[in-house]
Amino acid sequence: MLNRITNFAVSAVLVLTLGLISASAATKTVTIRVEGMKCAKCSGAVAKALKATEGVEDAQVSSEKGEAVIKYDDQKLTETKLREVINGTGFKAVEEKGN
Ligand SMILES: [Cu+2]
């Protein structure tokens, strides 16, 4: 009986540890405000540049909202790098206050 409880405790700790490891390597989602986009061509150009960047898993860019919602692998990319990619398209990634 005690053995079973010990086994259970050990596996619970294992599962928690594995969960933490995979969580730290998980996909991150970030919303970046982008200035200067006027139409679907603009947002399309930003989305294309982002999707061509290694580590980006998905990019939803809206010219109406003026933002890019990006899913990325944080082992390969940083938010700073994503901002550089956006700025490289000729639009401006805006630094949000309180970020
Ligand atoms: Cu446009």
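Strand E2 (residues 56–62) and strand E3 (residues 67–73) run antiparallel and are joined by six bridges. Two strands count as paired if DSSP finds at least two bridges between them. Helices (H or I, at least four residues) and strands (E, at least two) are DSSP runs, numbered from the N terminus. One of the bridges pairs Val61 with Ala68 in E3. The two strands form a hairpin with four residues between them, and Gly66 in the turn has a positive phi of about 70 degrees.

This is a predicted model, in which local features need pLDDT of at least 70 and side-chain atom pairs count only at pLDDT 80 or more, while totals for chains, interfaces and linings use all residues. Residues are numbered from 1 along each chain as its sequence is written.

## Overall composition

The protein chain contains three helices and four strands. Read from the N terminus, its elements follow the order α-β-α-β-β-α-β. Of its 99 residues, 19% are buried. A residue is buried if 20 or more other C-beta atoms lie within 10 Å of its own, exposed if 12 or fewer, and partly exposed in between, with C-beta atoms placed from the backbone.

Two residues are in contact if their C-beta atoms, placed from the backbone, lie within 7 Å. Among contacts in the protein chain with a separation of 6 or more, 59% link residues 24 or more positions apart.

## The sheet

The four strands form an open sheet in the order E2-E3-E1-E4, with antiparallel pairing. E2 and strand E4 (92–94) are the edge strands, each pairing on one side only. Neighbouring strands of this sheet are turned by 35 degrees against each other on average, direction ignored. For such angles, axes are lines fitted to C-alpha atoms, for helices over the stretch in contact, and angles run from 0 to 180 degrees between N-to-C directions.

E1 and E3 run antiparallel and are joined by seven bridges. Lys28 has Tyr72 in E3 as its bridge partner, and Thr29 stands opposite Lys71 in E3. Three bridges join E1 to E4, also in antiparallel fashion; here Arg33 is partnered by Val94 in E4.

## Helix H2

Helix H2 (residues 40–51) has 12 residues, which at 1.5 Å a residue should span 16 Å, and its end C-alpha atoms are 16 Å apart, in agreement. The expected span is 1.5 Å times one less than the number of residues.

Which residues of H2 are buried? They are Ser43, Val46, Ala47 and Leu50. These residues cover an arc of only 100 degrees around the axis, so they lie on the same side of H2. The arc is that of the directions from the helix axis to the C-beta atoms. On the other side of H2, Lys41 and Lys48 are exposed. The cover over the buried residues of H2 includes strand E1 (27–35), E2, E3 and helix H3 (79–88).

## The nonpolar core

A nonpolar core is a set of buried Ala, Val, Leu, Ile, Met, Phe, Trp, Tyr and Cys residues joined through C-beta atoms within 7 Å. The largest one has 17 residues, of which Val34, Val46, Leu50, Ala68, Ile70 and Ile86 touch the most other members. E1, H2, E2, E3 and H3 each give two or more residues to this core. In soluble globular proteins, nonpolar side chains tend to be buried together.

Not counting residues up to four places away in sequence, Val34 touches several residues, including Val46, Ala68, Ile86 and Val94.
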